[in-house]
Amino acid sequence: TEEENHSPWLCHVCSYSSNIGEGHVCSECYKITCNQHITIQSVLNEDSGLYELKPVCIECQFKEQL
């Protein structure tokens, strides 16, 4: 059997690093984030006028609230 080669990933918020699984990608800044610093938000799609559920990191979430 072939062994899967996982490269480590690093959360851009807290610098948590792991080579197990994958981090989550923020739909706003496209940076890798751990489970604790990502949330699902309702985001308006300007093209369709509909709201979509997208993963957003905590930094982008707070940026939108300011």
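Biologist: Which residues make the nonpolar surface patch of about 290 Å²?
Modeller: Please keep in mind that this is a predicted model. A residue joins a patch only with over 30% relative accessible area, and V25, in strand 3 (residues 24–25), has 41% and therefore counts as partly exposed. The patch of about 290 Å² is made by V25, Y30 and I32.

Biologist: How much accessible surface does the protein chain have, and what share of that surface belongs to carbon and sulfur atoms?
Modeller: The accessible surface of the protein chain comes to about 5300 Å². The share that belongs to carbon and sulfur atoms is 49%.

Biologist: What is the pattern of helices and strands along the sequence of the protein chain?
Modeller: The secondary structure comes to 1 helix and 6 strands. Read along the sequence, these elements follow the pattern β-β-β-β-β-β-α.

Biologist: Which residues form the aromatic pair, and is the pair stacked or edge-to-face?
Modeller: The structure holds 1 aromatic pair, and its partners are W9 and Y16, with 5.7 Å from centre to centre and 65 degrees between the planes. Because planes over 60 degrees apart count as edge-to-face, the pair of W9 and Y16 is edge-to-face.

Biologist: Where is S18, and is S18 buried or exposed?
Modeller: The place of S18 is in strand 2, which covers residues 17–18. With a relative accessible area of 12%, which is under the 20% limit, S18 is buried.

Biologist: What does S18 touch, and how far from a polar atom of the side chain of S18 is the backbone nitrogen of I20?
Modeller: Leaving aside residues up to four places away in sequence, S18 touches S7, P8 and W9. The backbone nitrogen of I20 lies from a polar atom of the S18 side chain at a distance of 3.0 Å.

Biologist: Which residues does V13 touch, not counting residues up to four places away in sequence?
Modeller: V13 is found in the loop between strand 1 (9–10) and strand 2, and because its relative accessibility is 28%, V13 counts as partly exposed. V13 and H37 are 24 residues apart in sequence, yet their C-alpha atoms are 7.0 Å apart in space. With that count, the residues touched by V13 are T33, H37, I58 and E59.

Biologist: What share of the contacts with a separation of 6 or more joins residues 24 or more positions apart, and what share of the residues is buried?
Modeller: Among the contacts in the protein chain with a separation of 6 or more, residues 24 or more positions apart account for 24%. Of the 66 residues in the protein chain, buried residues make up 24%.

Biologist: Which side chains meet in the salt bridge, and are these residues buried or partly exposed?
Modeller: The structure holds 1 salt bridge, in which the side chains of E52 and K54 meet at 3.5 Å, N to O. Because its relative accessibility is 29%, E52 counts as partly exposed. K54, at 29% relative accessibility, therefore also counts as partly exposed.

Terms used: Residues numbered from 1 in each chain as written. Predicted model: local features only at pLDDT ≥ 70, side-chain atom pairs only at ≥ 80, totals over all residues. Heavy atoms only, no water. Patch = residues over 30% accessible without salt bridge, like charges linked within 9 Å, V, L, I, M, F, W, Y side chains within 5 Å. Areas by Shrake-Rupley, 256 points an atom, 1.4 Å probe, with all protein chains shown as cover. Salt bridge = Lys/Arg side-chain N within 4 Å of Asp/Glu carboxyl O. Helix = DSSP H or I, 4+ residues; strand = E, 2+ residues; numbered from the N terminus. Buried < 20%, exposed > 50% of the residue type's maximum accessible area, 1.4 Å probe, protein only. Phe/Tyr/Trp six-rings, centres within 6.5 Å; stacked < 30°, edge-to-face > 60°. Polar contact = N/O pair within 3.5 Å; in protein donor to acceptor, adjacent residues only side chain to side chain. Contact = heavy atoms within 4.5 Å.
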